[in-house]
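Below is a short briefing on a structure. Keep the sequence and the 3D view open while reading.

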Amino acid sequence: MTDLHFLTIAEASRLIAARKLSPVELTDAYLGRIAALDDQLGSFVTLTAERARGEARAADAEIVAKGPRSRMHGIPYCLKDIYETAGVRTTAQSKLLANNVPVRDSACQKKLAAAGGVLLGKNATWEFAHGGPSWDVLFAPARNPWNPEHTPAGSSSGSAAAVAAGFAPATLGSDTGGSIRGPAAACGVAGLKPTYGLVSRRGVIPNCFSHDHAGPLAWTAEDVAILMQIIAGHDPEDPGSLDVPVPDYVAALSGDVRGLVIGVPWQWLEEEIPLSPATRASFDAALAVFLDLGATVRPVLLPPLQQFDDVKRTIAVVELFTIHGKDLRTRPEMFGSSLRYRIIAGGLVRAEEYLQAARHRTVLARAMQAVMATVDVMMLPTAEPAGKLEPLPPESLFTRPSFTTAFNVGGNPALSICCGFAENGLPFSLQIAGRVLDDATVLRAGDAYEKATAWRDRRPSLVAETIS
Amino acid sequence: MADASPTPEEVALLARHAGLDLPAEYFQQLVSAYGHVRRMIDRLPLERARDDEPAHTFDPRAFMP
């Protein structure tokens, strides 16, 4: 059998349901591994070990008596440290929240607890899920399990690192411009930014209200589907929540992508942000897998990426300033320098300019949905393989183009999965974006690809060698 | 403000209006950051029909008790 810490949610839940694995045994395996190895990665900022053992024992007893409540019953998970957890410190990696102990659970935490999950702790992030990596905030930034000298990207850094390292099979992150998909890409795991409004943001410390998405990360697309089944759904206390039926995401994973029409925005990849030759080769190889599986590929033409980035970043800098304005005016020294640089100018943007950006978002979102209506999914790399972990120039947030932000602007579902490895061992990534509320097709495509390739068999060797 | 490189004096005026009274070190960061924000805003298309709505939604059902 696979090492316990490398079991997927699907595998572990089957073993638990068959009484071949106990939640206590599984939880102890993760806690032991975290204790032994996480000093190399810093993926957790708070561990809830005793609570986890108690939840595991309770799950064990209930499953023996009544059977599992859900596929997550007895399965350990962790949360990016912007998800409020009653009685457990929630810091957003910021000195401003160093002693913040919420009295309520975020909506997602409530759902995972109700499903019988076992909370292992809270994951490192970038400050307020926006500024980083930073060495002048509450905790040091997390590191990439494939090579600790490299970045796990951000801002759901610790979440992605923890899953890749075998510290937890499940976690939740947040994605405002790519903060689930970027770390998922860097760490070679699966991460979904769901359709905007499909997963409640209640109790998730905001980055930018109009673009924030809560969503899952796990080792496989199948596991992401299992998590989506639990966390998706209408929340009347989240004003952005959509009141729509939740489909059976797991049942949608047929493995069949025959006839799937894939759009590729080649002008983004060849003209605006030309791919490195290695990333281009990995992307071409991924498309070839889909062609072999019976899909078709066609080019699609969208507005320039820079328009999507400009709109989102203009809106975001204002919303971020609105959220943090009081602290920026009275105690700016409490912010890390990266976040402070990225948000402080938001106070100087005029209301008209903010609204002009929001008006252009309408134009871009319509263009995105018009193109999406002509294909089933769109595919492109999520990002180039992760670089070294080092301070980024503070202006990079304003100047660095992104393959992910367009889908935040459109609100479309977008999944990042692993599609190979570079010569230096860092993962390549494939991004699969879909029509609004068609998260199931995105997950079906990701799952079919993963099952047709062997990339999910490889784990970070550095961590494994360290154990032995 | 069409200029893509706002002067420190222009930024100081805007900062006062925003209620930001920053130490010199942070003010220099503000000048630099605002230059980047200004360039983003100046790239936004502005020609619109009067009835072009922003991508805001207001659903009164979301606020019912």
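In this predicted model, M378(A) stands opposite A433(A), a residue of β11(A). The two strands concerned, β9 (residues 377-380) and β11 (residues 427-434) of chain A, pair in the antiparallel sense over four bridges. They belong to an open sheet of eleven strands with mixed pairing.

**The sheet of chain A**

- The strand order in the sheet is β1-β3-β2-β4-β6-β5-β10-β11-β9-β7-β8 (chain A).
- At the edges are β1 (44-47) and β8 (296-299) of chain A, and each of them pairs on one side only.
- From one strand to the next, the twist averages 30°.
- With β1(A), β3(A) pairs in the antiparallel sense over three bridges, and F44(A) stands opposite N123(A) in β3(A).
- With β2(A), β3(A) pairs in the parallel sense over five bridges, and P76(A) has V118(A) as its bridge partner in β3(A).
- Is β3(A) mostly covered or mostly exposed? β3(A) is mostly covered, as six of its six residues are buried.

**Helices on the sheet**

- Helix α3 (residues 49-66) of chain A lies across β1, β2 (76-80) and β3 (118-123) of chain A. The direction of α3 is at about 155° to β3(A).
- Helix α7 (residues 221-231) of chain A also packs on the sheet, where it touches β4 (170-175), β5 (190-193), β6 (213-218) and β10 (414-421) of chain A. The direction of α7 makes about 140° with that of β6(A).

**Chain A as a whole**

- Chain A has 16 helices and eleven strands.
- Its radius of gyration is 21 Å, close to the 23 Å that the globule rule gives for 468 residues, so chain A is as compact as a globular protein of that length.
- The C-alpha atoms of chain A fill a box of roughly 60 × 60 × 45 Å along the principal axes.
- Of the 468 residues of chain A, 60% count as buried.
- Among contacts in chain A between residues at least 6 apart in sequence, 79% join residues at least 24 apart.

**The nonpolar core**

- In soluble globular proteins, nonpolar side chains tend to be buried together.
- The largest nonpolar core here has 152 residues, and those with the most contacts inside it are V189(A), A190(A) and A218(A).
- Helix α10 (residues 305-330) of chain A gives the largest share of this core, ten residues.
- Which residues are in contact with V189(A), leaving aside its neighbours within four places in sequence? Among them are A160(A), V163(A) and A164(A), along with L217(A), A218(A), W219(A) and C418(A).
- A160(A), V163(A) and A164(A) are also among the buried residues of α5(A).
- Helix α5 (residues 157-165) of chain A is mostly covered, with nine of its nine residues buried.
- After α5(A) comes G166(A), which has a positive phi near 80°.

**Backbone details in loops of chain A**

- The loop between β3 and α5 of chain A holds P133(A), and the peptide bond from G132(A) to P133(A) is cis, with omega near 0°.
- S155(A) is also placed in the loop between β3 and α5 of chain A. A cis peptide bond joins G154(A) and S155(A), with omega about 15°.
- A92(A) is in the loop between β2 and α4 (107-114) of chain A. Its phi is positive, about 55°, although A92(A) is not a glycine.
- A92(A) counts as buried because 27 other C-beta atoms lie within 10 Å, where 20 or more are needed.
- L437(A), in the loop between β11 and α15 (439-452) of chain A, is another residue other than glycine with a positive phi, near 70°.
- Is L437(A) buried or partly exposed? L437(A) counts as partly exposed, because it has 18 C-beta neighbours inside 10 Å.

- Chain B has two helices and zero strands.
- The radius of gyration of chain B is 17 Å, whereas a compact globule of 65 residues would have one near 11 Å.
- The C-alpha atoms of chain B fill a box of roughly 45 × 35 × 15 Å along the principal axes.
- Of the 65 residues of chain B, 22% count as buried.
- In the contact between the chains, 28 residues of chain B meet 28 residues of chain A.
- On the side of chain B that touches chain A, α1 (8-17) and α2 (24-43) of chain B each supply at least two residues. The largest share of that side, eleven residues, comes from α2(B).
- By class, that side of chain B has 19 nonpolar, five polar and four charged residues.

Notes
Residues numbered from 1 in each chain as written. Chains lettered and ligands numbered in written order. Contact = placed C-beta atoms within 7 Å. Nonpolar A, V, L, I, M, F, W, Y, C, P; charged D, E, K, R; others polar. Core = buried A, V, L, I, M, F, W, Y, C linked by C-beta atoms within 7 Å. Buried ≥ 20, exposed ≤ 12 C-beta atoms within 10 Å, placed from the backbone. Rg over C-alpha atoms; globule rule 2.2 N^0.38 Å. Pairing = 2+ DSSP bridges. Axes fitted to C-alpha atoms, helices over the stretch in contact; angles between N-to-C directions.
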